[in-house]
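Student: Could you walk me through a model, one feature at a time? I'd like the general idea and then the case at hand.

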Amino acid sequence: MPKAKKKSKRNKFDYSKDRKKLKKQFKKREAPRIECPQIRNAWSDKKSVARNLRDMGLAFDPNRALPIKTLTFAAVEKTEEAPTLKFVRKPYVLNELVAEANLPEKDTKTLSTDLIEYVQYMIREHSENYKAMARDEKNYYQDTPSQIRRKVDQYKRCHPENYNTFVEFLKGPPQEVVNPV
């Protein structure tokens, strides 16, 4: 079996490279990026992962934090057991996480502009007649009446104010009733 050409060559030290910089780059690439800003700000590179999380009041191993206890005869007698309280060095992390979790979730559901135009065209031409919508020539994807109904319902759910203004626009301006005297 022949040897690779590069293997027989002697390794030489490259004086042009900054070893300190290379080590920093390697450590940065090696360490994972912490997405949560609260944990990232409180993280210490000098401590282990378990120690960092314990200082923040978080669990490293959920099986140790909340073990599943099987009831035995001796355990039934000792039901009055005080939980051991652990000292949390960085309680602000836990408080910030709870505050962020309690914020209301933003509604980011939306539809594509093509689908909105398609649904508006179908409603404009056929109002609520889904069978006629299925037979329409603009029904390129050959949607069935139930598929079109689902798309219209989705449009109503995701953009209720747009749907209401669109339906009001289709009805036209309110006409005044004139009483002949």
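**Reading the model**

Tutor: Buried means under 20% relative accessible area, exposed over 50%, and partly exposed in between, with a 1.4 Å probe and protein chains only. Keep in mind that this is a predicted model, where local features need pLDDT of at least 70 and side-chain atom pairs count only at pLDDT 80 or more, while totals for chains, interfaces and linings use all residues. Residues are numbered from 1 along each chain as its sequence is written, and side-chain values use heavy atoms, with hydrogens and water left out.

Student: Which residue forms a salt bridge with D14?

Tutor: A salt bridge is a side-chain nitrogen of Lys or Arg within 4 Å of a carboxyl oxygen of Asp or Glu. For D14 the partner is K17, with the closest N and O atoms 4.0 Å apart. K17 is partly exposed, at a relative accessible area of 49%.

Student: How many salt bridges does the structure hold?

Tutor: Five. In one of them, D55 meets K47 at 2.8 Å, N to O. D55 also pairs with R51, at 3.6 Å. R51 and D55 are separated by about one helical turn because they sit four residues apart in helix α3 (residues 49–56). Through shared partners, salt bridges join K47, R51, D55 and R89 into one network.

Student: Is D55 buried or exposed?

Tutor: D55 is buried, at 3% relative accessibility.

Student: What about secondary structure: how many helices and strands does the chain have?

Tutor: Helices (H or I, at least four residues) and strands (E, at least two) are DSSP runs, numbered from the N terminus. Here the chain has ten helices and zero strands.

Student: How do I check the length of a helix such as α10?

Tutor: The expected span is 1.5 Å times one less than the number of residues. The twelve residues of α10 should span 16 Å, and the end C-alpha atoms are 17 Å apart, which agrees. After α10 comes G172, whose phi is positive, near 90°. Helix α1 (residues 19–30) also has twelve residues and reaches 16 Å, close to the 16 Å expected. Of the residues of α1, the number buried is zero, so α1 lies largely in the open.

Student: Which residue caps the N-terminal end of α1?

Tutor: D18 does, with a side-chain oxygen 3.4 Å from the backbone nitrogen of K20.

Student: And what makes up the largest nonpolar core?

Tutor: A nonpolar core is a set of buried Ala, Val, Leu, Ile, Met, Phe, Trp, Tyr and Cys residues joined through side-chain atoms within 4.5 Å. The largest one has 16 residues, and L111, Y118, V119, I123, I148, V152 and Y155 touch the most other members. Two or more residues come from each of α7 (113–126), α8 (130–135), α9 (145–158) and α10 (160–171). The largest share, seven residues, belongs to α7.

Student: What does I123 touch?

Tutor: Contact means heavy atoms within 4.5 Å. Leaving out residues up to four places away in sequence, I123 touches M133, V152, Y163, F166 and L170.

How values were computed:
A polar contact is a pair of N or O atoms within 3.5 Å; within protein, one must be able to donate a hydrogen and the other to accept it, and residues adjacent in sequence count only if both atoms are side-chain atoms.
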